[in-house]
Amino acid sequence: MGDGRGRRAGRWRTAGSAVVRVIVVWAVSTLTMLALAGLLPDFELQSPDGDSITRTALTAVWGAGAFGLLGALVWPVIVRALLLVPALVLGLLVFFLNGSLLLLALWLIPDGRGAADPETAVVVAAVMSAVASATSTGLAVRDDDAYRRRLYRLADRRRPRVVAVPGGSGRPEPSHGTVFLQLDGVGHEVLRDAVADGLMPTLAAWLGTTHRLTAWRTDWSSQTGASQLGILHGSNEDVPAFRWYEKDTGRLMVSNRPASAVELQRRAIERTGDGGLLTVDGASRGNLFSGGAEQLALVLSMAARRGRRNRSRAGYFAYFSDPANAVRTAGSFVAEAAREVVQSTRARLRKETPRVSRGGAYPFIRAFATVVERDVVVAAVIGDILAGRTAVYADLVAYDEVAHHSGPQGRDTDQVLARLDRSIALVAKVAEHAPRPYRIVLLSDHGQSPGETFEGAYGLTLKDLVRAGCGLPVPRRVRRTPSGSEASYAARDALRSALHRPTDEEEAAAEGSGGRPSEPLVLASGNLGLISFPGVPHRMTREEIDRRHPALLRTLADHPGIGFLLVASAEHGSVVLAGNGAEVPVAELADEGPLAVFGPGAAEAVRRTDGFPHVADIMVNSMYDPATGRVHAFEEQIGSHGGLGGEQARPFLMSPLDLSAPPAGLAGAEQVHRVLRGWLRECAGPQVPLEISRPTLESESLLPVDGPVGQDKSS
């Protein structure tokens, strides 16, 4: 009886607190509306003949209440209806839609006493939403239950769950949960410098007290597709680059295309027989792959799923269903786009070098990656923590996007790192209110290496050089390769697909496999180039290439901007070619000779890639200068990753001291996966096997596609 009365009393207190908060927010919104009516000439709360102060106040009370009610009831419906609209466009529509709701609220005021111009309505709606959000948050600061319920609502979570430790007695104690935050593209040295320079005070406070910092080495393909597939699914076999051509299917694979991502995930699950790192009670946020998680938001491999189970945009709805969040993020979006315009203009005026084009849609693409994606992912992670999820893996891509265009180190990226630190601090603070204790692990999938582009340094692209070596005509005016990170490519391709135009890679594949079978297809993945001859059904050998194009291999190997080539050989199996006639069979390859400059592990990385079924006919790695850390990207990027050379191949792992230390010489994403699995077991999390098991029917059911898969190409 006592417990029942206590629960009823608790419910009444909760209801009373909620009513008080609504009244206070309503009152503050009313005062805000009155203040704006006094400041803005095109915003009226009175009849043309004038009204008393009391009548004007009542009009404001009505208008503020109507606007708040519409925001609570109508806004979620609008956002859900707009899930078919690209997220980039949705962000730009937020101000207009919120202003429209305000105009509707004013129209509902009796006797037509409220009026505003459309432009003024947008401003009033933005200010009122921001003030209401700040007031609501301030009232909830000392009310943990209210704060938690608000964040549950953002992430569509309703009931926190406590996971009991098996064999416990009495009331079960919750086991530790684990949050993996991936800082995309942040190299080990960049992180260490940022901490030393005071840019990341949260991480600085952790290092040496609660966390350790470990460097690890990527595979040859140092990019998100290969690294994250290995980390989340335990296998990145046969992922030679960010994009590559598969001769047996005639398919162009691009890591950040939905249909390619789902196929890569399917292959990894088939190979390992396991759903992934997050199979049991996990959440995947903002990633290319699901990791086997049930809770998904902004996961690229989910975008290929058709039908009601497609939840690839669920994260957007959960976040933007709160109009205050929508307005705040939209405001930050505009500010970030303006910041990029200012920074790029400053770089041009100062004639900074190296420098790449940052015009067109790039300011908006950057703002999407650094603001919208960050806000949605962080809100989803917070919801997962307060819901008591066992394992959460989230990718924050902001640094990677900016570093591609501004360089890995500098004022632009410093600002991004500082904001990432604040996001981490927020997650850590919320974890203190979670229904279970959490360990936070930070890691990156790769770093970035600086350097002028190959075209900027030598006046021609890799494709031009290949065509010249094949004796094919080289156009006088060549199209510049698109610049950007995985996020940039995804945004551009989505736009072109919406317009029913082929993407750049589709055009290149069509050109390479068209009527001239000897025409080479040249693809770029940072400072890693792939050359394929689509007209030849198998991997060409050095001897075959020399017979068709006697000058090609030497033209490439002897170029000062190229470090080495990998090509098959009928005589030696496969060989590495470099300048000055250097030639080493892969079987005899060691971390010396032509690969010495690339550091320990380079030979093993090349040897492993040589065994992939879909390795290109010619793999090309750019030069690397160890004195400056510079490489030459075959794309329009002054901060790049994708191959060997410098910081791009040295990401970091920052783990709590109460977890076992990673092994020395940690190398390859698959080994990182095994380390993370071990940590989950230490936290009494998902009971997943440390060893790879054989494929089963159950593992096939974990694939993210249960219906037709959309193709990469527009049709």
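How many bridges join β12 to strand β13, and in which direction do the two run? β12 and β13 (residues 528-532) run antiparallel and are joined by 5 bridges, where helices (H or I, at least four residues) and strands (E, at least two) are DSSP runs numbered from the N terminus, and two strands pair if DSSP finds at least two bridges between them.

## Basis of the description

This is a predicted model, in which local features need pLDDT of at least 70 and side-chain atom pairs count only at pLDDT 80 or more, whereas totals for chains, interfaces and linings use all residues. Residues are numbered from 1 along each chain as its sequence is written, and side-chain values use heavy atoms, with hydrogens and water left out.

## The chain as a whole

The protein chain comprises 24 helices and 21 strands, and 57% of its 715 residues are buried (under 20% relative accessible area with a 1.4 Å probe, protein chains only; exposed means over 50%, and partly exposed lies in between). Of the contacts (heavy atoms within 4.5 Å) between residues at least 6 apart in sequence, 73% join residues at least 24 apart.

## The open sheet and its helices

The sheet is open and consists of 6 strands in the order β12-β13-β17-β14-β15-β16, with antiparallel pairing. Its edge strands, each pairing on one side only, are β12 (521-525) and β16 (583-585), and the twist from one strand to the next averages 20 degrees (axes are lines fitted to C-alpha atoms, for helices over the stretch in contact, and angles run from 0 to 180 degrees between N-to-C directions).

In α22 the buried residues are Ala602, Ala603, Ala605, Val606, Thr609 and Asp610. Seen down the axis of α22, these fall within an arc of 165 degrees, so they line one face of the helix (the arc is that of the directions from the helix axis to the C-beta atoms). Their cover includes β14, β15 and β17.

In helix α7 (residues 188-196), His188, Val190, Leu191, Ala194 and Val195 are buried. Seen down the axis of α7, these buried residues fall within an arc of 165 degrees, so they line one face of the helix, and what covers them includes α8 (201-206), α15 (411-431) and β21 (652-656).

## Local backbone features

The peptide bond from Thr353 to Pro354 is cis, with omega near -5 degrees, and Pro354 lies in the loop between α12 (323-349) and α13 (362-386). Lys351 is found in the loop between α12 and α13, and its phi is positive at about 55 degrees although Lys351 is not a glycine; Lys351 is exposed, with a relative accessible area of 67%.
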